[in-house]
Amino acid sequence: MLEVKDLHVNYGAVHALNGISLHVDDGEIVSLIGANGAGKTTTLRMLATLIRPDSGDALVDGASILSQPEDVRTKIGFLTSELKLEEFFTPNYLFDFFSELHQVPPALRDQRKKTLFQRFGIQQFAEVKVANLSTGMKQKASLAISLVHDPQIVIFDEPTNGLDPAGIQEMRNLLRHLAHNAGVSVLVSSHILQEMQLMCDTVGIISNGALLQVADVEELISRSKSNTYRYILRPLDRAAELLRTYLPDRVLEITGDHVDLRITEEEIATVNRRLMENDVVILGLTPVGQSLEQSFMELTGGGNIIG
């Protein structure tokens, strides 16, 4: 279990974190989502004892990040893109090295290595130097090595960075298995909202160093006032130019013969009028559904409707 209590940190006049409080239960996957610079990575690095807060504290399976940082480090698996594996060594060597640091018995180490390397498809690259691995394979090796000591709390910063679609799905399956089958507390950060909607139980929306909302994923989506509507328009190029000009934060996708917009039901008439005033023909209009992205944009103030 992870308990974050009123964390504050300042960099000069910049308030990087403003009273972050968060709870992650055993068996729960929580994601911090926010724009670049919102405070996601700072929060996770603080929980991993790499940064000391100006005030506040966090308990990692009962250990304080302030007074018991060494104990905290034995309890967590931590991954961030800012910490790189030494490129001269191989995944096999590094797995053994970090297992020894965590005092994992050799027999158990070999069992875990076999399981994790098979899960991530690392076996055939086990003796390839990290410098010669692809970006995705480096990420997979880093993930496996972060789990050498079977931590009960996993803290991953942007865990799907560099992974192909199959790797992203495997990462999702792994984290859900760790949480829901092994009872591990999982805290991740990301700006890929669609993936977090599929992966997580709970999300915390962070902006300018403050948590705006923490809620169950489905509950948060259900609160959304806006929806995604799919317009079939002619001529599409003229419609696309118009919508990008007047609704830059509301255009989700322009593909083939349609445009997907994030708008409320009350705003449809305004959008339709503006399209028709500019000689755009509306051939079809259907609701597509709600999403975590819509909830995020509403809470962070993204996008204003045209007048």
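Which residues lie nearest the centre of the largest pocket?

1. The model is predicted: local features need pLDDT of at least 70, side-chain atom pairs count only at pLDDT 80 or more, and totals for chains, interfaces and linings use all residues. Residues are numbered from 1 along each chain as its sequence is written, and side-chain values use heavy atoms, with hydrogens and water left out.

2. Phe78, Leu83, Phe98, His102 and Ser146 lie nearest the centre of the largest pocket, out of 21 lining residues. A pocket here is an open set of points on a 1 Å grid over the protein atoms alone, where a 1.4 Å probe fits, with protein on both sides within 12 Å along at least five of seven lines; lining residues have an atom within 4 Å of a point. The volume of the largest pocket is about 550 Å³, a volume being the space filled by probe spheres set on the points, which are joined across faces, edges and corners.

3. Strand 6 (76-79) supplies four residues to the lining of the largest pocket, the most of any element. Helix 3 (91-101) and helix 5 (135-146) each supply at least two. Helices (H or I, at least four residues) and strands (E, at least two) are DSSP runs, numbered from the N terminus. By type, the lining holds eleven nonpolar, seven polar and three charged residues; Ala, Val, Leu, Ile, Met, Phe, Trp, Tyr, Cys and Pro count as nonpolar, Asp, Glu, Lys and Arg as charged, and the others, Gly among them, as polar.

4. The second largest pocket holds about 290 Å³ of space. Of its 15 lining residues, Arg112, Thr115, Leu116, Asp150 and Leu178 lie nearest the centre. Helix 4 (106-120) and helix 6 (165-180) are the elements that give two or more residues to this lining, and helix 4 gives the most, with five.

5. The largest nonpolar core has 43 residues, of which Phe120, Val154, Phe156, Leu175, Val186 and Cys200 touch the most other members. Such a core is a set of buried Ala, Val, Leu, Ile, Met, Phe, Trp, Tyr and Cys residues joined through side-chain atoms within 4.5 Å, where buried means under 20% relative accessible area (1.4 Å probe, protein chains only). Another core, of 28 residues, lies apart from it and includes Ala16, Ile65, Val72 and Ile206.

6. Beyond neighbours within four places in sequence, Phe156 has contacts (heavy atoms within 4.5 Å) that include Leu44, Phe78, Ser146 and Leu175. Leu44 is one of the buried residues of helix 1. In helix 1 (residues 40-47), seven of eight residues are buried. Just after this helix, Thr49 takes a positive phi of about 70 degrees.

7. Strand 9 (residues 202-207) has five of its six residues buried. Strand 9 runs parallel to strand 3 (residues 29-33), joined by four bridges, with Leu32 opposite Gly204. Two strands pair if DSSP finds at least two bridges between them. Strand 9 also pairs with strand 10 (residues 210-216) in the antiparallel sense over six bridges. These two strands form a hairpin with two residues between them, and Asn208 in the turn has a positive phi of about 50 degrees.

8. An open, antiparallel sheet has four strands in the order 2-1-4-5. Strand 2 (14-24) and strand 5 (63-64) are at the edges with a single partner strand each, so one side of each has no neighbour in the sheet. Strand 4 (residues 55-60) pairs with strand 5 over two bridges; Leu59 has Ser64 as its bridge partner.

Methods: Buried < 20%, exposed > 50% of the residue type's maximum accessible area, 1.4 Å probe, protein only.
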